Amino acid sequence: MNFSNNRILTENLIAGEEKAYIFLLNKFHRQLNAYALTLVHDQALAQDIVQNVFLKTWKSRKKLNPDFSIQGFLYKCVYYEFVNTYQKNKKTMLLHQQYIHSVQEVVSGYEENEIDKLIEMLNREIKKLPPKCQAIFLLSKKEGLTNYEIAEYLNISIKTVEAQITKAFGILKSKLS
């Protein structure tokens, strides 16, 4: 079958033809990954965006329109997936910036030995966090992993990672206020 024709490719995708999907992957994966990389500047995140686009395309293939360019559709999907990812990460980034600002305010008002005591107290409170919350918080703040990397490593959703980090900040803030 000649899947180079947009209409034939799209109609076969709608019909659930796996060979058409494999052709789609082989033809557009590298291009879409390169495009996503220009948007996010992070190879792992770019790959995740492209993978999500291909999965969503397959799941909603019956809604594809053979009159429209599949290539244009895929590029638009990558862009919208990037925007969605950015919006999700933006909330966590703002929380992280607020945390850094708070730490700087706290540190500027203390002597060095007092800072050591504060760090010791903070570490004690981190150890008291619920196990899952503590593990995610430490991976984020001590190991420097991104929320995406933590989610992949622990095989959980990014939303769960964000929720656990927010929970940790809330607990620590109340305990150390």
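Colleague: Where is the place of Asn155?
Modeller: This is a predicted model, in which local features need pLDDT of at least 70, side-chain atom pairs count only at pLDDT 80 or more, and totals for chains, interfaces and linings use all residues. Residues are numbered from 1 along each chain as its sequence is written, and side-chain values use heavy atoms, leaving out hydrogens and water. Helices (H or I, at least four residues) and strands (E, at least two) are DSSP runs, numbered from the N terminus. Asn155 sits in the loop between α7 and α8 (158–176).

Colleague: What is the phi of Asn155?
Modeller: Most residues other than glycine have a negative phi. Although Asn155 is not a glycine, its phi is positive, at about 55 degrees.

Colleague: Is Asn155 buried or exposed?
Modeller: We use relative accessible area here: buried means under 20%, exposed over 50%, and partly exposed in between (1.4 Å probe, protein chains only). Asn155 has 70% relative accessibility, so the residue counts as exposed.

Colleague: What is the relative accessibility of His41?
Modeller: His41 belongs to the loop between α2 and α3 (43–59). Its phi is positive, near 55 degrees, and His41 is not a glycine. His41 counts as exposed because its relative accessibility is 67%.

Colleague: Within what arc do the buried residues of α7 fall?
Modeller: Helix α7 (residues 147–154) has Asn147, Tyr148, Ile150 and Ala151 as its buried residues. They line one face of the helix, because seen down the axis of α7 their directions (from the helix axis to the C-beta atoms) fall within an arc of 165 degrees. On the other side of α7, the exposed residues are Glu152 and Tyr153. The arc of the buried residues, then, is 165 degrees.

Colleague: How are α1 and α2 placed: parallel, antiparallel, perpendicular or oblique?
Modeller: Two packed helices are described by the angle between their axes and the distance between the axes. For α1 (residues 6–14) and α2 (residues 18–40) the axes are 8 Å apart, at an angle of about 125 degrees; axes are lines fitted to C-alpha atoms over the stretch in contact, and angles run from 0 to 180 degrees between N-to-C directions. Angles under 35 degrees count as roughly parallel, over 145 as roughly antiparallel, 65 to 115 as roughly perpendicular and the rest as oblique. Therefore α1 and α2 are oblique.

Colleague: How many residues of the contact of α1 with α2 are nonpolar?
Modeller: Contact means heavy atoms within 4.5 Å. Helix α1 brings Leu9, Asn12 and Leu13, while α2 brings Ala20, Tyr21, Phe23 and Leu24. Ala, Val, Leu, Ile, Met, Phe, Trp, Tyr, Cys and Pro count as nonpolar, Asp, Glu, Lys and Arg as charged, and the others, Gly among them, as polar. The contact has no charged residue, 1 polar and 6 nonpolar.

Colleague: What is the relative accessible area of Glu81?
Modeller: Glu81 is part of helix α4 (residues 70–108). Neighbours within four places in sequence aside, Glu81 is in contact with Ile49, Asn52, Val53 and Lys56. Glu81 counts as buried because its relative accessible area is 8%.

Colleague: What separates the C-alpha atoms of Gln134 and Gln164?
Modeller: Gln134 is in helix α6 (residues 131–141). Gln134 and Gln164 are 30 residues apart along the chain, and the separation of their C-alpha atoms is 8.3 Å.

Colleague: What percentage of the residues of the protein count as buried?
Modeller: The secondary structure comes to 8 helices and 0 strands. Of the 177 residues, the buried share is 29%.
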